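Here are my notes on this model, point by point. Please keep the viewer open while reading.

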Amino acid sequence: MTLFALDQAAREARLLPELVELTEHHRARSPEYARLLASLGHLPGRRYDRVADLPWLPVRLFKHHVLKSIGDDEVFKVLTSSGTTGDVSRIYLDKEAAGVQQKMLSATLSAVIGTKRLPMLLVDTKALFKNRTSFSARGAGVLGLMNFGRDHTFVLDEQERPDPDAVRDFLGRHGDQPFLIFGFTFMTWLYLYELAREHRFDLSNGILIHSGGWKKLVDRAVDNAEFRRRFTADTGLRRIHNFYGMVEQIGTTFLEGPDGGGLYCPEFADVIVRDPHTWAEVPVGAPGVVQVVSTMPRSYPGHLLLTEDRGVVHGVDDGAWPGKRFSILGRLPRAEARGCSDTFAEAAA
């Protein structure tokens, strides 16, 4: 059963009561979250008519505050976001949350890779996994996706250099049947595409799942359409699915449809695009700040998060899959991103 079958009206009807319950769940278990809600005027028993009316948190709060809805003795794993100066989010999972996020990631991706474990090429290095107790966002992403494959082969050696012999050997064993490829977008282009083009590797039976920012590729005049076109023309790879997600909502994956026409939400999630000045929801076609919505986070209050990304909803119930069809346009300017957090700074103090 696919998680991409609900139209937008049915999705909203299902999500609203679950998110209201989840808000109260976190209010009862996280004193910090309860103080935030009280400061913002969202008191117990308040009625909500739309998902967009529920209280969201700026994702940056997780970089500066401990927000969790479990006791210290229940913490099973702490995930961290990427960051270069120690400015990272810390996300606290208990055993149940860790299991659920993996289960729902599997259910989401099965829409494009099926339910069988496929031979897998990883556009990364096994050196990522030196510390098994605290993973970076990159390490967590690779490790999470590895569960969907078998006979894992890394495109890079432990010094992060391309290993054409390893790829050639993998394709010799598995290239004549469906196989899975995972990598972060820039690395997939820089290492797999360039390597495959140079060595004339045939990737026509591959299914590529990739994610990450486009800034470095746009600097090379490569956008999503060009990425897909050149992979297909030069390597034969046609089944390509970008996805959007973040460690602050681990396990929730917004997946590109088969035609490349936009990202879609699994049935337990949604996106809202907001005006950066009024925070009102903007109409279809208008860019704004992306809010991500998910019923999955129960060990920390990450169910309604305002990101620091710009995006646009292109259409609703009009694409390859039902629901909102959207794109991420890039990061917010630094000043605007700070403004998202400043809205909550006093309440979080």
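Where is serine 89 found?

1. Serine 89 sits in the loop between strand 2 (77-80) and strand 3 (90-93). Strands are DSSP runs of E, at least two residues long, and helices are runs of H or I of at least four, both numbered from the N terminus. The model is predicted: local features need pLDDT of at least 70, side-chain atom pairs count only at pLDDT 80 or more, and totals for chains, interfaces and linings use all residues. Residues are numbered from 1 along each chain as its sequence is written, and side-chain values use heavy atoms, with hydrogens and water left out.

2. Serine 89 has 0% relative accessibility, so it counts as buried. Buried means under 20% relative accessible area, exposed over 50%, and partly exposed in between (1.4 Å probe, protein chains only). Not counting residues up to four places away in sequence, serine 89 touches Val59, Phe62, Lys63, Leu79, Thr80, Ser81 and Glu248. A contact here means heavy atoms within 4.5 Å.

3. Histidine 152 belongs to strand 5 (residues 149-154). Its relative accessibility is 29%, so histidine 152 is partly exposed. Its side chain reaches two backbone oxygens: that of methionine 146 at 2.7 Å and that of glycine 149 at 3.2 Å. Beyond four places in sequence, histidine 152 contacts Met120, Leu122 and Met146.

4. Histidine 26 lies in helix 1 (residues 8-29). Histidine 26 is buried, at a relative accessible area of 0%. Its contacts, leaving out residues up to four places away in sequence, include Tyr33, Ser69, Pro297 and His303.

5. Now the aromatic pairs. Rings of Phe, Tyr and Trp (its six-membered ring) pair if their centres lie within 6.5 Å; planes under 30 degrees apart are stacked, over 60 edge-to-face, and the rest tilted. The count is 14 pairs. Phenylalanine 170 and phenylalanine 179 have ring centres 5.6 Å apart and planes at 80°, so they are edge-to-face. Tyrosine 244 and phenylalanine 254 are both buried. Trp189, Tyr193, Phe227 and Phe231 make up one aromatic cluster.

6. What lines the second largest pocket? The lining is His25, Ile70, Asp94, Glu96, Ala97, Val100, Thr295, Met296, Arg298 and Ser299. Helix 4 (residues 95-113) gives the largest share, three residues. (On a 1 Å grid over the protein atoms alone, a pocket is an open set of points where a 1.4 Å probe fits, with protein on both sides within 12 Å along at least five of seven lines; lining residues have an atom within 4 Å of a point.)

Conventions: A polar contact is a pair of N or O atoms within 3.5 Å; within protein, one must be able to donate a hydrogen and the other to accept it, and residues adjacent in sequence count only if both atoms are side-chain atoms.
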